[in-house]
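Colleague: I have a few questions about this model. Could we go through some of its details together?
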Amino acid sequence: MKAAVWYAAKDIRVEEAKEPVIEAGSVKIRVEWCGICGSDMHEYLAGPITIPVDQPHPISGAIAPVIMGHEFSGQVVEVGEGVQRIKVGDRVCVEPIINCGTCDSCRKGLYNLCEKLGLHGMSGNGGGFSEMTVVKEHMVHKIPDHVSYEQGALVEPVAVALHAVRQSKLKSGDNCVVFGLGPIGLAVIQCLKASGATKVVAVDIAPERREKALSLGATHAVDPLKENVTEVVRELTGKGADVCFEVAGVEPTLASAVDCVKQNGQVMIVSLWEKNPSIAMNSLVFKEIDIKGTICYRDIFPAVIEMMADGRLQSEKLITNKIKLDDITENGFEAILKNKNEIKILVTAQAGE
C-alpha cells in the first residue's frame, strides 16, 4: 500500500509499505481522510521531537522511519478475533493515544499522562497517512451517518481543544483570549463559545486567521504587531482576561498571555514547544497566576462527536484544502508554511476521492 513515511526533518517520503495485518482485539480501517496536525508540522520542521529515533518506542517497539498521521477517519474493513463493539462497515474515527495501562497515571484513568505515552501515526506501527491501518478496538469510535468522514478526521484536533477548555477554570460568562490561530486555536474558540464564554479575543499576526477566528465565534481579533494586546483586553474586560489560552508555542505569546490575564487568572498552555521560553516569574507571583499545561485528551471523543453531530461544533469550517497523499509535501506541509490562509489540510491515499 501507499504511505507517507517520516525519515527525518524535511524528509517525508510517499512510498510503498506493507499493508498491516489484523491481530486479535484489533480493527483494520480503510483510511478516508487524515489531517495534517501542528505536531506533524513540528516533526517536519524540527523533528525528531516525539518520533522514536535513538531507541524503539517502549510500547510500540517501533523506531523511525515511521508512517505518519494521527487525525483520521475511515471505514472498518476487517476485525480481529475477540472484537465485539466494532463491525465491518462501521464508519469510525480513531483516538490515537498509545498508553501502557500499568503506570500510576494509567491506573488512575489519566491515560493521556502515561509515562510511556505515544501516538499511532507518530510512535510507529502505522498511521493515517496511508491506505490502511490497524489499531486496537478501544481506540475506535463510531461516527453517525450524517457526520462526514472529513468531520471525522477533525474529531482528534477538536478533542485537544475541548480537553483544554474543560481542564481550565472557565465559567460561563468568563472572558478569554486565544493566542495563536492555527487549527487548535480556532477549535479552542469554537469550544469556548459552546462552553459559555462571553468575550473571546483572538490574537494572531496573520489577517487571514484573524478573519477566520471572527467567523468561528471570536468577538474580537487583535494584531499583536499593531496593537497592545494587554491594553485591548483590559479595555474590553475592565480587569483582564479570566483565562488565556496559549496555542502558538512561542515566547512572545506566552509573555503576552501572562501580561493580559487578570489577577488570580489562569494561563492554559496548549501548544508544543521547539525551544524553552523565559517567563516573567514576578508577574506570576504578584498576580497569583495559575499556569497549567494540557496534553492530548482523555474520555472526550464521544462528547466531541455528539457536539459535531448536533451542530454545536462546526469543525468542517476549519478545512481549507483536500489533497492526495502523493502531494503531501508540496501541497500539504509546504503549503501550510507558505500560506497563512491554510488552516486544516486533509489528505487521502484512496483513489477516486
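This is a predicted model: local features need pLDDT of at least 70, side-chain atom pairs count only at pLDDT 80 or more; totals for chains, interfaces and linings use all residues.

Colleague: What is the peptide bond from Ala-64 to Pro-65, cis or trans?
Modeller: The bond is cis, with omega near 10°.

Colleague: And where is Pro-48?
Modeller: Pro-48 is placed in the loop between helix H1 (38-46) and S4. The peptide bond that leads from Gly-47 to Pro-48 is cis, with omega near 5°.

Colleague: In what order do the strands of the open sheet of 3 strands come?
Modeller: The order is S2-S1-S4, and the pairing is antiparallel. Strand S2 (11-16) and strand S4 (66-67) are at the edges with a single partner strand each, so one side of each has no neighbour in the sheet.

Colleague: How many bridges join S1 to S2?
Modeller: Strand S1 (residues 2-8) is joined to S2 by 6 bridges. Ala-8 is opposite Asp-11 in S2. In the loop between S1 and S2 one finds Lys-10, whose phi is positive, near 65°, although the residue is not glycine. Lys-10 is partly exposed, at 49% relative accessibility.

Colleague: Where is Asp-299 found?
Modeller: Asp-299 belongs to the loop between strand S16 (290-293) and helix H10 (301-309). Its phi is positive as well, about 50°, and Asp-299 is exposed, with a relative accessible area of 58%.

Colleague: Changing topic, which residues of H7 are buried?
Modeller: In helix H7 (residues 229-237), the buried residues are Val-229, Thr-230, Val-232, Val-233 and Thr-237. Viewed down the axis of H7, they fall within an arc of 165°, so they line one face of the helix. Glu-231 and Glu-235, on the other side of H7, are exposed.

Colleague: What do the buried residues of H7 pack against?
Modeller: Their partners include strand S11 (176-179), strand S14 (241-246) and helix H8 (251-260).

Colleague: And what about the ends of H7?
Modeller: Asn-228 caps the N-terminal end, with a side-chain oxygen 3.0 Å from the backbone nitrogen of Thr-230. After H7 comes Gly-238, which has a positive phi, near 85°.

Colleague: Finally, what is the volume of the second largest pocket?
Modeller: The volume is about 460 Å³. The lining of this pocket has 23 residues, with His-120, Asn-125, Val-134, Val-135 and Lys-136 nearest its centre.

Colleague: Which element gives the most to that lining?
Modeller: S9 does, with 5 residues. Strand S7 (97-98) and strand S9 (132-136) are the elements that give two or more residues.

Definitions and conventions. Residues are numbered from 1 along each chain as its sequence is written. Side-chain values use heavy atoms; hydrogens and water are left out. Buried means under 20% relative accessible area, exposed over 50%, partly exposed in between (1.4 Å probe, protein chains only). Helices (H or I, at least four residues) and strands (E, at least two) are DSSP runs, numbered from the N terminus. The arc is that of the directions from the helix axis to the C-beta atoms. Contact means heavy atoms within 4.5 Å. A polar contact is a pair of N or O atoms within 3.5 Å; within protein, one must be able to donate a hydrogen and the other to accept it, and residues adjacent in sequence count only if both atoms are side-chain atoms. Two strands pair if DSSP finds at least two bridges between them. On a 1 Å grid over the protein atoms alone, a cavity is a set of points where a 1.4 Å probe fits but cannot get out, and a pocket is an open set with protein on both sides within 12 Å along at least five of seven lines; lining residues have an atom within 4 Å of a point. Grid points are joined across faces, edges and corners, and a volume is the space filled by probe spheres set on the points.
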